[in-house]
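Please consider the protein chain shown below. The explanation after it is written for a reader who meets this structure for the first time.

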Amino acid sequence: MLGGGITGLAAAYRLRELAAAHEIPLETMLLESSGRVGGALETIRNNGYVIEAGADSILSEKPSALRLVKRLGLESDLIGTQERFRRTFVVHKGKLVPIPDGFSLIAPSLLRPILRSPLFSPFGKLRILAEPLIPRRRRSEDESLAEFVQRRLGREVLERVAQPLAGGIYTADPATLSVAATMPRFVEMERRYGSLIHGLKAASRSNRAAREASGARWSLFISFANGLAQLTDALVMRLGNSVRCRAHVTGLERQVPGERPRRRSWRLRLEDDLSVEADAVVCAIPAYAAALLLRPHDENVASILEEVEYASAATVNMAFREADFAGVPQSFGFVVPAIERRKIIAGSFSSMKYSGRAPGGMALARVFLGGALQNNMMNLDDKELIAATIEELAALLGVKAPPVLTHVRRWPRSMPQYAVGHLQRAGVIEREIERLPCLAIAGAFLRGVGIPDCVQSGESAAEAIFSHFQHGTQR
C-alpha cells in the first residue's frame, strides 16, 4: 500500500476485512513517505479546542465513509452540525451577505429569496428568472463550470456564487474546472428537465420524501466529537505495525517470473536503499508521484497522470473571545468571490458548525488562502499569512482584538484540479492500469475529492486486488 492518506488507510483496512472474511492469510504493509498518516485529515486537540487543519466534515449523502465508520464501531462518536447556524454568507462589496435560501451550490430552487437578496442586480435577477427558458444543451462533450453556469444563469451567478463556492470546495478556477466531473447532478438536471431550477425543485421534493421514509438520522455534514482524525486514528490502530511512516518509495520494479510464476510481482525500492517485495500494490499517492513510479511500466499512463494539476492552499485557524466580535457570526462560514480582490478565499466558524470545538465564551474560526486563483499567497511566510488573515477578519467581521490562538497549516500541491475532460482522462488511467499485473490505483485525483469519494476509491482498489488472490489468478 503506497500512501497513508484516507484512501490508502481505507484500502489497507478493506484488504484486512476481506482476508478475514474469506479466511485467506494476507499480510499488508502501508508505506507513507511523510512523518504522519491521515493526509488531509489532521486534527489538533489543544486546551479544549478541536482544530481541523485540513478537511472538517464528511458528506453524509455519500455512503462509503459512513459504512466504514459503522464497521469500525465509531458511529456513536459521530456528531452532526448545529443546524440553527446552517447558513453561509458571501462577501459582496466588502460586506457579508447571506446566500439566498434555497440556493444549492450554483443554482436556486426558490425564487422569492433571490428577488429579496441584495447579492444580485435587477438585471442579474431577471437573468436567473429566465433560466427555465434557456434551451438545454444538445452537445454531450464536457464544458467548464464557468461556461455552464454563465450559459444557464448568467455572469452574476458565476462571479458572485458559483466561483467562490467552487473555490471553497476545489480551490479551483471555474474557467478550467470540468462541470461533468465536479457538478454532474446539474448536468443531468439540464438533460432531464431542461432547467436547473425545475430540476432542483424536483430533487427537493424527492429528497424530502426519501428522508421522511428512511428517517434519516444525520445532517448533510458530519464529523466526530474529537475531530476527523478520530477516523484515521481508528484505522491506524486496526492496522497496527503494518503502517510505516517516513518510508519513501523511489522505485517500483516489476518482477520477471522464471519458468514458474512467482507470487511476488513487485519490488519497491525505498529511499534508504532497502526494498520490499509484494504480491500486489495499491498506489494511493498523488497523481504526480504515481507518474514517477509508473513511467518505466507505462509511458502513456504516466503522461496522463502528469497532466493532472494540483493547487496549493493553507488554513489558518484562529481563536477569539466571543466578546471581541460586535456580533458573533451566526453561520457556518463565508466565501469570498475573486472579484472582491481580497487575500482569502473562504472562512468558516468551527465553533458554530460543530459543538464542542472551543471552550465556552470562545469562537474558533479558520480561514483558507491560496488556491488556483491566488497561488501567490503561498509565497508568504507563516507570519505574513497570519497577518493577512487578521487584516481580512478585521475588515469583514469587525474583530479588532488579536487572536488568543493561531495555527497555520500549509497544503502544497494537495487539491487535484479536475480540468475539462477529466472523466475521460480518469477512464483512460483506469483502463491502462488494468494492464499492469497486480496493481491498482486510487485517490482523490480520479473521481471525487471528498472523504467518501476517497474511501470508495481505496476500497474499490482493494477489492480489485483481493479478487485476484481469491481466485488464485494474476493479471
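The model is predicted.

Two packed helices are described by the angle between their axes and the distance between the axes. Here, helix α2, which covers residues 63-71, packs against helix α17, which covers residues 451-470. Their axes are 7 Å apart and meet at an angle of about 70°. An angle from 65 to 115 degrees counts as roughly perpendicular, and α2 and α17 are therefore roughly perpendicular to each other. On the α2 side the contact is made by S64, A65, R67, L68 and R71; on the α17 side it is made by I451, P452, V455, Q456 and E459. Sorted by class, the residues of this contact are five nonpolar, two polar and three charged.

Helix α17 also holds A464. Is this residue, A464, buried or partly exposed? With a relative accessibility of 32%, A464 counts as partly exposed, because the range for that class lies between 20% and 50%. A464 and G361 are separated by 103 residues in sequence, and their C-alpha atoms are 50 Å apart in space.

The aromatic rings come next. A pair of aromatic rings is described by the distance of the centres and the angle of the planes. The count of aromatic pairs in this model is five. F103 belongs to strand β8 (residues 103-104), whereas F120 lies in the loop between α3 (112-116) and α4 (122-129), so the pair ties together parts that are 17 residues apart in sequence. Both F103 and F120 are buried.

The pair of Y288 and Y310 is edge-to-face, because the ring planes stand at 85°, with the centres 4.9 Å apart. Y288 is in helix α11 (residues 287-294) and Y310 is in strand β16 (residues 310-321), so that this pair links distant parts of the chain, 22 residues apart. Y288 has a relative accessibility of 24% and counts as partly exposed, while Y310, at 15%, counts as buried.

Rings also take part in arrangements with charged side chains. K353 lies over the face of F221, at a distance of 5.0 Å from the ring centre. Likewise, the charged end of R409 is placed over the ring of W411, 4.0 Å from the centre of that ring.

Which residues other than glycine have a positive phi? T171 is one of them, with a phi of about 45°. T171 is located in the loop between α6 (155-170) and α7 (179-182), and its relative accessibility of 11% makes it buried. R413 is another, with phi near 45°. R413 lies in strand β20 and is partly exposed, its relative accessible area being 43%.

How values were computed:
Residues numbered from 1 in each chain as written. Predicted model: local features only at pLDDT ≥ 70, side-chain atom pairs only at ≥ 80, totals over all residues. Heavy atoms only, no water. Axes fitted to C-alpha atoms, helices over the stretch in contact; angles between N-to-C directions. Helix = DSSP H or I, 4+ residues; strand = E, 2+ residues; numbered from the N terminus. Parallel < 35°, antiparallel > 145°, perpendicular 65-115°, else oblique. Contact = heavy atoms within 4.5 Å. Nonpolar A, V, L, I, M, F, W, Y, C, P; charged D, E, K, R; others polar. Buried < 20%, exposed > 50% of the residue type's maximum accessible area, 1.4 Å probe, protein only. Phe/Tyr/Trp six-rings, centres within 6.5 Å; stacked < 30°, edge-to-face > 60°. Lys NZ or Arg CZ within 6 Å of the ring centre and 35° of its normal.
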